[in-house]
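Hi,

Here is the structure I promised to pass on.

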Protein chains: 2
Amino acid sequence: MSAALKEAARKATITTPTDREIRVERVFDAPRERVWQAFTEPKLVAQWWGRGNKLVVERMEVERGGHWRFVEHGPDGVHGFEGRYREVTPPTRLVHTFEWDGMPGYVAIETIILEDAGNGRTRVINTSLFHATEERDGMLSSGMEMGLNESYAALDRLLATRG
Amino acid sequence: MSAALKEAARKATITTPTDREIRVERVFDAPRERVWQAFTEPKLVAQWWGRGNKLVVERMEVERGGHWRFVEHGPDGVHGFEGRYREVTPPTRLVHTFEWDGMPGYVAIETIILEDAGNGRTRVINTSLFHATEERDGMLSSGMEMGLNESYAALDRLLATRG
């Protein structure tokens, strides 16, 4: 694939399919099994989820009913995130709750779907469902898009080193 | 108050104000401060929340961002429930998330409002908001109404002994 095509494939597409959802689609240059590992193995998650910042994976029980808790140590402070796994179906589907310590009790449901995109690539579709439109809009205006692109760029780097 | 009036006052009213909500209204024969304590002090919660069954309060940090986890030991088995406090405003308003271990990752937001109903009584309005109508309907058909009435009857008994 040309460099231009690779670049295009790596652009995340953010849409709002309903008034309580955010949908993010992104293609990664690695096979599905390897992308699945990067999403579900604590040592790998620690290397990309925090956008290059130090990330402490305090808890990560990847099974239905298990809990997760990540703490990001960034230049703007320490941020905790947590939730619980609702569905774990390797290597295609991961559903969990998502909550930021800064807004405790505001819970989104994150559904992550991994599709084979051909040529050793994987399409990741991440849909977040909120209880209210205002919560969804708060997330959209929080700088989420930049943070997401930074995380996914870090994931690109991780996947490349393990190629 | 006559016995008949007391009985009427104690009947819980369950309605569905929107397609993702359940609203429960119930009057208790005790002043608001005392009802607030019964909802927020672990030793008191243990005496009524489990409907007369043994209830272990594993965690109960009643403050914004705090977590709670109750385990009910009933004749039909052991059931865990948990969540996180979103808003704690004594003695009028308590908002927290609610999740049953049997359906992990399905999270309702429970808003509990305590109103002075006059004559030393308190009106409790408990509204649960779900992510989806099917989740709300699942809760309605789960025997929730009977369980709720049993819990509230246990709370009546607790409030009477502390009168």
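A quick word on terms before the details: a residue is called buried when its relative accessible area is under 20%, exposed when that is over 50%, and partly exposed in between. Please also keep in mind that this is a predicted model.

With those cut-offs, Tyr106(B) comes out as partly exposed, because its relative accessibility is 30%. You'll find Tyr106(B) in the loop between β6 (93-100) and β7 of chain B. Together with Trp100(B) and Met103(B), Tyr106(B) makes up a nonpolar patch on the surface, and the three share about 260 Å² of accessible area.

Trp100(B) also leads us to a glycine. Between Gly80(B) and Trp100(B) there are 6.1 Å from C-alpha to C-alpha, although they sit 20 residues apart in sequence. Gly80(B) belongs to strand β5 (residues 77-89) of chain B. Is Gly80(B) buried or exposed? Gly80(B) counts as buried, because its relative accessible area is 5%. Setting aside residues up to four places away in sequence, the contacts of Gly80(B) are Arg69(B), Phe70(B), Val71(B), Glu99(B), Trp100(B) and Asp101(B).

Now the sheet in chain B. It is an open one, built from eight strands with antiparallel pairing, and the order is β1-β2-β8-β7-β6-β5-β4-β3. At the edges are β1 (13-15) and β3 (54-60) of chain B, each of which pairs on one side only. From one strand to the next, the twist averages 20°. As a reminder, strands of a sheet pair through backbone hydrogen bonds, either parallel or antiparallel.

Going through some of the pairs in chain B:

- β1(B) and β2(B) are antiparallel and share three bridges. The hairpin that joins β1(B) to β2(B) runs through five residues, and Ile14(B) sits opposite Val24(B) in β2(B).
- β2(B) and β8(B) are antiparallel too, with eight bridges. Here Arg26(B) has Val124(B) in β8(B) as its bridge partner.
- β7 (residues 108-118) and β8 (residues 121-129) of chain B run antiparallel and are joined by nine bridges. In this pair, Ile109(B) faces Leu129(B) in β8(B).

Ser151(A) is buried, because its relative accessibility is 9%. Which residues does Ser151(A) contact, leaving aside its neighbours within four places in sequence? They are Trp48(A), Trp49(A) and Arg51(A).

Last item, also in chain A: strands β3 (residues 54-60) and β4 (residues 67-74) run antiparallel and are linked by six bridges. Arg59(A) is placed opposite Arg69(A) in β4(A). The two strands, β3(A) and β4(A), form a hairpin with six residues between them, and in the turn Gly65(A) has a positive phi of about 90°.

Over to you now.

Cheers

How values were computed:
Residues are numbered from 1 along each chain as its sequence is written. Chains are lettered from A and ligands numbered from 1 in the order in which they are written. This is a predicted model: local features need pLDDT of at least 70, side-chain atom pairs count only at pLDDT 80 or more; totals for chains, interfaces and linings use all residues. Side-chain values use heavy atoms; hydrogens and water are left out. Two strands pair if DSSP finds at least two bridges between them. Helices (H or I, at least four residues) and strands (E, at least two) are DSSP runs, numbered from the N terminus. Axes are lines fitted to C-alpha atoms, for helices over the stretch in contact, and angles run from 0 to 180 degrees between N-to-C directions. Patches are made of residues with over 30% relative accessible area and no salt bridge: like charges are joined within 9 Å, nonpolar side chains (Val, Leu, Ile, Met, Phe, Trp, Tyr) within 5 Å. Accessible areas come from the Shrake-Rupley method with a 1.4 Å probe; for residues, only the protein chains shown count as cover. A salt bridge is a side-chain nitrogen of Lys or Arg within 4 Å of a carboxyl oxygen of Asp or Glu. Buried means under 20% relative accessible area, exposed over 50%, partly exposed in between (1.4 Å probe, protein chains only). Contact means heavy atoms within 4.5 Å.
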